[in-house]
Every structure is written in structure tokens, then in C-alpha cells.
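Reader: Before we discuss any feature, please show me the sequence and the model, and then take me through the reading of each.

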Amino acid sequence: MSIPSPNIWHWPEVYAQENAAQDVEGAVWAALRDEAPWAGRDVVDVGCGDGFHLRFFDGARSVLGVEPYLPLVERAQADGLPVVAGEAARLPLATASVDLVHARTAYFFGKGCEPGLAEAWRVLRPGGALAVVDLDATAAPYGEWMRADIPHYDPVAAERFFTRQGFSLRRIPTTWRFPDRVTCAAVLRIEFSTAVADRALAQCTGLTIPVGYRLHVRHKRLAP
């Protein structure tokens with residue numbers, strides 16, 4: 001069963017502007033390359049949306065995006081990107097066929113994602129890695145806005161879930177930079193309720209926002 005995405009599913013054009021603004025210094029990519037290098041390896045991006053992140057896996061042997069929402073699959077394919085329809089709990093891939101499963105702010109949010117974890121483990125080769133990138137809701141100010149809008153979400157419990165599953169944890173401070181305030185406001189208004197978006201815009205009056213991420217990585221050991 002797919003988990004609807006409240007932002008990109010409904011506002012793909014604005015979300016494209018958000019993607020362009022995120023992590024302008026490449027801190028997440030540097031950490032990911034350090035923890036789970038992909039050069040010469042086969043990569044699958046789970047919950048890839050319109051395939052924005054696929055182009056960043058430079059040097060990979062192959063890159064494939066899997067996305068459950070058909071309009072986004074079609075959008076990616078129209079741009080010539082290798083994206084196919086599929087869900088995290090039922091990946092359209094053969095067993096032991098990839099070296100890196102990458103998922104960014106998609107499906108793997110903590111308890112309840114066990115079917116997707118098992119499926120990622122199925123498609124990984126020994127020596128491969130599952131890398132989960134999510135927003136760090138413990139890091140101000142963005143994390144505070146997240147917690148205000150989704151008070152039932154416990155970021156500490158989510159982190160503990162991944163620790164129990166054998167994942168590492170790396171916190172990554174990043175900067176989002178927007179070309180103008182109009183774009184900044186549009187992005188915040190697809191991410192948050194009106195009240196929280198107004199609060200965010202009042203707190204961050206320039207063109208940059210500090211945003212924290214978490215990187216969780218689990219490696220599949222080679223057979224002895």
C-alpha cells in the first residue's frame with residue numbers, strides 16, 4: 001500500500017523548486033558517498049518522485065528509480081529518466097540485484113516500514129547498503145515546524161527504531177537557498193499548514209533556511 005505524499009503528489013512544480021533549493025552545499029551527498037559509495041555499483045532510488053535525485057549518482061554502473069504514483073512516473077519518463085512504477089514493499093527487482101537502495105524522505109519513517117526494509121534486504125547483494133535519508137525533526141528551526149504540524153510524530157522514537165534495526169545514524173546540517181521570497185513562501189506552504197508556514201516565514205526573513213537531515217545506513221554483510 002502506498003503512503004500518499006502530501007507535497008510532490010499535489011504540487012510537483014513547486015516541489016521541483018524545493019528540490020533545487022535543498023542542500024545547496026551538497027552535505028547530504030558527501031555524507032552518503034562516505035557511508036555508502038556507489039561508484040561502479042547498481043543503485044535503486046525508492047520513492048524517487050519524478051527522479052530528481054537520480055542524476056546525482058554519478059559514476060554508478062546503473063541507476064533506477066521506483067515510484068508508486070503514476071503521474072510522477074510519467075513525468076520522470078517524459079524527461080528521459082529511468083523510473084518505473086512500484087512500491088517499497090513490492091519492488092519490481094530481482095533478488096540480490098542492486099548494491100545500494102536509497103530512499104530520501106520516502107516511506108521509511110520508522111515503525112510500520114518493516115515490509116519495505118525486508119524488501120530492500122531482498123534486492124540487495126551481499127556487500128550492499130540500504131541508505132535512508134530523512135529530515136531531522138530534532139534540529140531547529142525546520143524540525144520545530146515539523147513537530148508543530150505533526151505533534152504525533154516522535155523523532156526520537158524513529159531514530160531508536162532504526163538503531164534497533166541495525167542502522168547507523170549521522171546528523172547532517174544543511175542549507176536550503178531560494179532564489180526569491182516568493183519561491184520560499186510557495187515551498188513552505190506545501191510543506192506546512194498555513195499557521196506554521198506563516199510562522200516559518202516570520203522567523204526566516206531571508207533566502208536561506210537551516211535544515212537538518214538524518215542519514216541511516218545498514219550494510220548487508222558479505223557471506224563468510
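The dialogue below turns to the sheet, the helices and the aromatic pairs.

Author: This is a predicted model, in which local features need pLDDT of at least 70 and side-chain atom pairs count only at pLDDT 80 or more, while totals for chains, interfaces and linings use all residues. Residues are numbered from 1 along each chain as its sequence is written, and side-chain values use heavy atoms, with hydrogens and water left out.

Reader: In what order do the seven strands of the open sheet lie?

Author: Strands of a sheet pair through backbone hydrogen bonds, either parallel or antiparallel. Here seven strands form an open sheet in the order β3-β2-β1-β4-β5-β7-β6, with mixed pairing; strands (E, at least two residues) and helices (H or I, at least four) are DSSP runs numbered from the N terminus, and two strands pair if DSSP finds at least two bridges between them. The edge strands, each pairing on one side only, are β3 (83–85) and β6 (170–177). On average, and with direction ignored, neighbouring strands of this sheet are turned by 25° against each other, where axes are lines fitted to C-alpha atoms, for helices over the stretch in contact, and angles run from 0 to 180 degrees between N-to-C directions.

Reader: In which sense do β1 and β2 pair, and over how many bridges?

Author: Strand β1 (residues 42–46) pairs with strand β2 (residues 62–67) in the parallel sense over five bridges; V63 in β2 is the bridge partner of V43, and V66 in β2 is that of V46. The pairing of β2 with β3 is also parallel, over three bridges, and there G65 has V83 in β3 as its bridge partner.

Reader: Which strands does helix α6 touch?

Author: Helix α6 (residues 155–164) packs on the sheet and touches β5, β6 and β7, its direction making about 25° with that of β7, where contact means heavy atoms within 4.5 Å.

Reader: At what angle do α7 and α8 pack?

Author: Helix α7 (residues 181–191) and helix α8 (residues 194–203) pack at about 145°, their axes 9 Å apart. In this contact R181, C184, A185, L188 and R189 of α7 meet T194, A197, D198, A200 and L201 of α8. By class, there are six nonpolar, one polar and three charged residues, with Ala, Val, Leu, Ile, Met, Phe, Trp, Tyr, Cys and Pro counted as nonpolar, Asp, Glu, Lys and Arg as charged, and the others, Gly among them, as polar.

Reader: How many aromatic pairs does a search of the whole structure find?

Author: Rings of Phe, Tyr and Trp (its six-membered ring) pair if their centres lie within 6.5 Å, and planes under 30 degrees apart count as stacked, over 60 as edge-to-face and the rest as tilted. The search of the whole structure finds 13 such pairs. For W29 and F57 the ring centres are 5.1 Å apart and the planes stand at 85°, so the pair is edge-to-face. This pair links distant parts of the chain, 28 residues apart, with W29 in helix α2 (residues 27–35) and F57 in the loop between β1 and β2.

Reader: Are W29 and F57 buried or exposed?

Author: Both W29 and F57 are buried, a term for under 20% relative accessible area, with exposed over 50% and partly exposed in between (1.4 Å probe, protein chains only). Ring pairs link W29, W38, F52, F56 and F57 into a cluster. One of these, F52, is touched by N19, as is H53, not counting residues up to four places away in sequence. N19 is found in helix α1 (residues 12–21), and N19 counts as buried because its relative accessibility is 5%.
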